[in-house]
Amino acid sequence: MTSKKFGQNFLIDSTIAEKEINYCNITKDDVVLEVGPGKGILTKPLAERAHKVIAIEIDKKLVANLKKFLPKNVVLIHNDVLNVDFETIPKFNKIVSNLPYKISSPITFKFLQYDFNKAVLIYQREFAYRMIAKAGSKNYSRLSVGVYYKAMCEINETIPRTSFDPQPKVDSCIVSLSPRKNNPFFVLDEKFFFKLTRDLFNHRRKKIKNIIKKIFGFESREIPFMDERVEQLTPENIGKLSNTLLEMKFKKIL
Ligand code: SAM
């Protein structure tokens with residue numbers, strides 16, 4: 001029995017697991033996080049290539065089964081990954097996972113807060129294209145801005161839906177994420193920037209001036225991009241807007 005609730009579409013083509021591991025250049029120096037080991041199709045070859053694998057699985061039946069055959073260098077954690085504080089588990093430097101699609105967004109933002117070297121992840125195709133979307137395109141979103149600010153993101157290849165059981169309704173993609181050493185633009189306060197990005201994309205077709213007026217009850221010629229629509233602003237533009245608003249807050253203009 002598979003659980004829809006847990007996004008259980010199991011990979012049935014082991015060559016794809018091999019490809020993910022190769023894209024991530026896993027060696028015996030690496031400690032790898034895997035979210036949702038499932039039946040272990042990725043966990044087993046990962047454990048052969050890596051120093052250690054930390055595998056977090058929410059489904060207790062799968063955990064019980066995995067315990068029977070996984071090697072000693074796999075640390076198996078039974079929990080919801082969204083409730084796991086990454087500071088409380090062994091430190092990992094890489095992430096390789098075939099992600100449950102329902103938590104794609106929160107888990108990606110959670111990864112981006114952590115200090116890792118490289119992640120190779122399978123996402124649903126549409127989500128993968130939102131990750132790399134540019135301003136002005138229909139896929140451009142809060143996710144595109146957050147990913148661009150924190151990491152270099154590349155779609156490596158499309159995986160047909162027939163590679164999974166049960167077969168999902170859509171194809172998937174292998175995506176590589178490499179955190180940037182330096183952010184592509186400067187923001188005064190990341191928390192404020194991410195909160196503003198979220199607020200803006202709740203009204204992606206509206207003009208900036210209308211959203212700012214709604215949030216801060218204020219309009220000023222000092223604020224840039226007032227007549228632009230959210231979906232047109234590049235991540236750099238949003239960074240500039242965020243810095244200006246924060247400076248105005250400091251000066252108690254807002
Ligand atoms: N890695 C396996 C594979 O490639 O066949 C399974 C992938 S399946 C798409 C997603 C896996 O994540 C399932 O095993 C599911 O039980 C697990 N899962 C779903 N939500 C989770 C969560 N919040 N925390 C940890 N594991 C979760």
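**Exercise 1.** Which residue lies over the face of Phe10?

Solution. The model is predicted: local features need pLDDT of at least 70, side-chain atom pairs count only at pLDDT 80 or more, and totals for chains, interfaces and linings use all residues. Residues are numbered from 1 along each chain as its sequence is written, and side-chain values use heavy atoms, with hydrogens and water left out.

- Step 1. Apply the test: NZ of Lys or CZ of Arg must be within 6 Å of the ring centre and within 35 degrees of the ring normal.
- Step 2. Lys39 lies over the face of Phe10, 4.5 Å from the ring centre.
- Step 3. Look at another ring. The charged end of Lys110 sits over Phe86, at 4.8 Å from the ring centre.

**Exercise 2.** Classify the ring pair of Tyr149 and Phe194.

Solution.

- Step 1. Recall the rule. Rings of Phe, Tyr and Trp (its six-membered ring) pair if their centres lie within 6.5 Å; planes under 30 degrees apart are stacked, over 60 edge-to-face, the rest tilted.
- Step 2. Search the whole structure: 11 aromatic pairs turn up.
- Step 3. Tyr149 and Phe194 have ring centres 5.9 Å apart and planes at 80°, so this pair is edge-to-face.
- Step 4. Place the residues. Tyr149 is in helix H6 (residues 142-150) and Phe194 in helix H7, so the pair ties together parts 45 residues apart in sequence. Helices are DSSP runs (H or I, at least four residues), numbered from the N terminus.

**Exercise 3.** Are Tyr149 and Phe194 buried or exposed?

Solution.

- Step 1. Buried means under 20% relative accessible area, exposed over 50%, partly exposed in between (1.4 Å probe, protein chains only).
- Step 2. Tyr149 has 2%, so Tyr149 is buried.
- Step 3. Phe194 has 19%, so Phe194 also counts as buried.

Key. Helix = DSSP H or I, 4+ residues; strand = E, 2+ residues; numbered from the N terminus.
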